[in-house]
Amino acid sequence: MTAHTPRMDNIDMAGKVCVVTGAASGMGRIAARELAVMGATLILCDREVEEGAQARDDIIALSGNAKVDFVPCDMGDLDHVRRFAGHILSTYNRVDVLINNAGLTDPEYKLTPQGQEQHFAIMHLGHYLLIHLLKERLMESAPARIIQISSDAHKTGPGLDFDDLASKTVWKGRRYAHGAAFKAYHRAKLAMVLATYHLAEQFKDTGVTINAVSPGYFIATNIYRHMRGVMKLGTQIFRPFFMDPERSAQTYVFLASSPDVEGITGKYWEYCKEKDTSPLSHDPDLRKKLIAETHRLLGLPV
Ligand SMILES: NC(=O)c1ccc[n+]([C@@H]2O[C@H](COP(=O)([O-])OP(=O)(O)OC[C@H]3O[C@@H](n4cnc5c(N)ncnc54)[C@H](OP(=O)(O)O)[C@@H]3O)[C@@H](O)[C@H]2O)c1
């Protein structure tokens, strides 16, 4: 998988500790496998407990690297995120790479135990809290890298609604709605990009970099498994035409390991190339509002 990616061959990640969320499946799992092959110590989490344990065992068998830990964690439950961070901090004395990858599109309207809509909670709030809890360890381990798996879906929607972050008006009382899920997905991915720009400034001169990623479009992973009815059928019929997740995961590995991106921060990447984000993601007022609201919801100092 590394053949045509800039400067990723022969990179030695031995001694580097890498955290990957949502690593039971898809691109997180592939990136974890590649980093294990490069010698890294891996800490994986996922809410899919059996699949996560299987991913750990498969990665160990394939890479011959036994330093792969799996921790069950629902990134949408802030208590789980705190426990996961506590495990990392008490077991590992460094964190060199944090890949915030866990994500989903689910037409069902679901609130987390803390009362937030699941897309926003899992992809933005959970990952933001994880960064906050690990930030000292990341700075002590510098140079360290944070990678936020967003999506170009952050460009295709109306933006954030601070009067309705739980997206109640989006689902309009329905239990299942694919259109609503895409809107919630758009909002969560936009929040991740805005948070990336904010945190790049916060981590300035600390040796910790943070970049966001668009893995591409219609990638053949398990992300479609929560879809229903015609939408599910459509993804099954068109799956042979979907993109290869091995190729998409290259950008994760590139940003986690390549000397080409040493010190680069606050950028957005797709297929190992920098690209721009939406006009909304550059709106300073929107960013300020999101960060204030995020800190309020997470009980963090502003
Ligand atoms: N596939 C695409 O076309 C595409 C395009 C752009 C961006 N992305 C992004 O790429 C990332 C990886 O997705 P993928 O395509 O590789 O999908 P995937 O195969 O479904 O892998 C994502 C993993 O994250 C897990 N996850 C979901 N919610 C979680 C939670 N609350 N806590 C912990 N783990 C959780 C999923 O479990 P469940 O199965 O239980 O949900 C799954 O194991 C996501 O952030 C996604 O939004 C994907």
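Mentor: Let's settle one term before we start: helices (H or I, at least four residues) and strands (E, at least two) are DSSP runs, numbered from the N terminus. This is a predicted model, where local features need pLDDT of at least 70 and side-chain atom pairs count only at pLDDT 80 or more, while totals for chains, interfaces and linings use all residues. Residues are numbered from 1 along each chain as its sequence is written.

Trainee: Okay, where is the place of Ser167?

Mentor: Take a look at the backbone: Ser167 isn't a glycine, yet its phi is positive, about 55°. Its place is in the loop between strand 5 and helix 5 (168–171).

Trainee: Does Ser167 count as buried or exposed?

Mentor: Count the other C-beta atoms, placed from the backbone, within 10 Å of its own: 20 or more is buried, 12 or fewer is exposed, and in between is partly exposed. Ser167 has 22 such neighbours, so it counts as buried.

Trainee: What joins Ala142 and Pro143?

Mentor: Find Pro143 in the loop between helix 4 and strand 5 (144–149). Omega between Ala142 and Pro143 is about 0°, and what joins them is a cis peptide bond.

Trainee: How is helix 4 placed against helix 6, and why?

Mentor: The axes are lines fitted to C-alpha atoms over the stretch in contact, with angles from 0 to 180 degrees between N-to-C directions. For helix 4 (residues 118–140) and helix 6 (residues 178–202), the axes come within 7 Å and cross at roughly 20°. Angles under 35 degrees count as roughly parallel, over 145 as roughly antiparallel, 65 to 115 as roughly perpendicular and the rest as oblique. So helix 4 and helix 6 are roughly parallel.

Trainee: By class, what residues does that contact of helix 4 with helix 6 have?

Mentor: Two residues are in contact if their C-beta atoms, placed from the backbone, lie within 7 Å. Helix 4 brings residues including Phe120, Met123 and Ile131, and helix 6 brings others, among them Ala188, Met192 and Leu199. Nonpolar means Ala, Val, Leu, Ile, Met, Phe, Trp, Tyr, Cys or Pro, charged means Asp, Glu, Lys or Arg, and the others, Gly among them, are polar. That gives 11 nonpolar, three polar and two charged residues.

Trainee: At roughly what angle do helix 1 and helix 2 cross?

Mentor: Helix 1 meets helix 2 through Arg29, Ala32, Arg33, Ala36 and Val37, with Ala55, Ile59, Leu62 and Ser63 on the helix 2 side. The axes of helix 1 and helix 2 (residues 49–63) come within 9 Å, and they cross at roughly 35°.

Trainee: Which helix gives the most to the shell around the ligand?

Mentor: There are 29 residues around the ligand, and Gly22, Gly26, Gly103, Thr221 and Asn222 come nearest. With three residues, the one giving the most is helix 1 (residues 26–37).

Trainee: How far apart in space are Ile99 and Arg145?

Mentor: Ile99 lies in strand 4 (residues 97–100). Ile99 is buried, with 29 other C-beta atoms within 10 Å, and among the residues it touches are Val20, Ile147 and Tyr252. Ile99 and Arg145 are 46 residues apart in sequence, but C-alpha to C-alpha the gap is 8.4 Å.

How values were computed. Near = placed C-beta within 6 Å. Lists of a residue's contacts leave out its neighbours within four places in sequence.
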